[in-house]
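Hi everyone, thanks for making time this morning. I'd like to walk you through one structure, and please have it open while I talk.

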Amino acid sequence: MDVQRPDLANARRRKRLIIAAIVATLIAVAALGVSRLKPAAPEVDRAGLFIDTVKRGSMVRQVRGTGTLVPEDVRWIPAQTEARVERILVRPGSAVNAGTVILEL
């Protein structure tokens, strides 16, 4: 037969309430401390800044690295006969229309 011990149940409940009150108090104190902090704006020396006006134009970016640059896809222009390229008139990336002469064979 089980023996009822209400004094232990009350002690556990009281211990839980005390722990909850301590945790709530700590959270309130931490929230109050954080609310009183000043904004943390970064400070930078004026001597270390480059101040200028914004200008419109091309932005050149040069990247250097070791190795060779290899294209993923190579597009070949088929021809009816064998020939040799004499002059390239239009470079890759240029806009072309129907009838534009790309190169001379």
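A word on ground rules before the details. What you see is a predicted model, where local features need pLDDT of at least 70 and side-chain atom pairs count only at pLDDT 80 or more, while totals for chains, interfaces and linings use all residues. Residues are numbered from 1 along each chain as its sequence is written, and side-chain values use heavy atoms, with hydrogens and water left out.

So how confident is the predictor here? pLDDT is its confidence in each residue, from 0 to 100. The protein chain averages 87, and 99% of the residues score at least 70. Confidence is highest in helix α1, residues 6-35, at 93, and lowest in strand β2, residues 103-104, at a mean of 87.

Now the layout. The protein chain has one helix and two strands, and along the sequence they come in the order α-β-β. Helices here are DSSP runs of H or I with at least four residues, strands are runs of E with at least two, and both are numbered from the N terminus.

What about the overall dimensions? The C-alpha trace spans about 105 × 60 × 35 Å along its principal axes. The radius of gyration of the protein chain is 38 Å, whereas a compact globule of 105 residues would be near 13 Å. That radius is taken over C-alpha atoms, and the globule rule is 2.2 Å times the number of residues to the power 0.38.

A28 sits in helix α1, and its C-alpha is 77 Å from that of V101, 73 residues apart along the chain.

How much of the chain is buried? Buried residues make up 1% of the 105. The cut-offs are under 20% relative accessible area for buried, over 50% for exposed, and partly exposed in between, with a 1.4 Å probe and protein chains only. T68 is exposed at 73%, and A28 is partly exposed at 46%.

On to the salt bridges: the whole structure has three. The criterion is a side-chain nitrogen of Lys or Arg within 4 Å of a carboxyl oxygen of Asp or Glu.

D52 pairs with K55 at 3.7 Å, N to O. D52 is exposed at 61%, and K55 is exposed at 63%.

R84 meets E86 at 2.9 Å. R84 is exposed at 61%, while E86 is partly exposed at 49%.

R87 and E104 make a salt bridge at 3.3 Å. R87 lies in strand β1, residues 87-88, and E104 in strand β2, so this pair ties together parts that are 17 residues apart in sequence. R87 is partly exposed at 47%, and so is E104, at 34%.

Last, which residues are closest to the centre of the largest pocket? That pocket holds about 550 Å³ of space. Of its 18 lining residues, the closest to the centre are R75, I77, V90, I102 and L103. By class, the lining has 12 nonpolar, three polar and three charged residues. A pocket, on a 1 Å grid over the protein atoms alone, is an open set of points where a 1.4 Å probe fits, with protein on both sides within 12 Å along at least five of seven lines, and lining residues have an atom within 4 Å of a point. Grid points are joined across faces, edges and corners, and the volume is the space filled by probe spheres set on them. Ala, Val, Leu, Ile, Met, Phe, Trp, Tyr, Cys and Pro count as nonpolar, Asp, Glu, Lys and Arg as charged, and the others, Gly among them, as polar.

Conventions:
pLDDT is the predictor's confidence in each residue, from 0 to 100.
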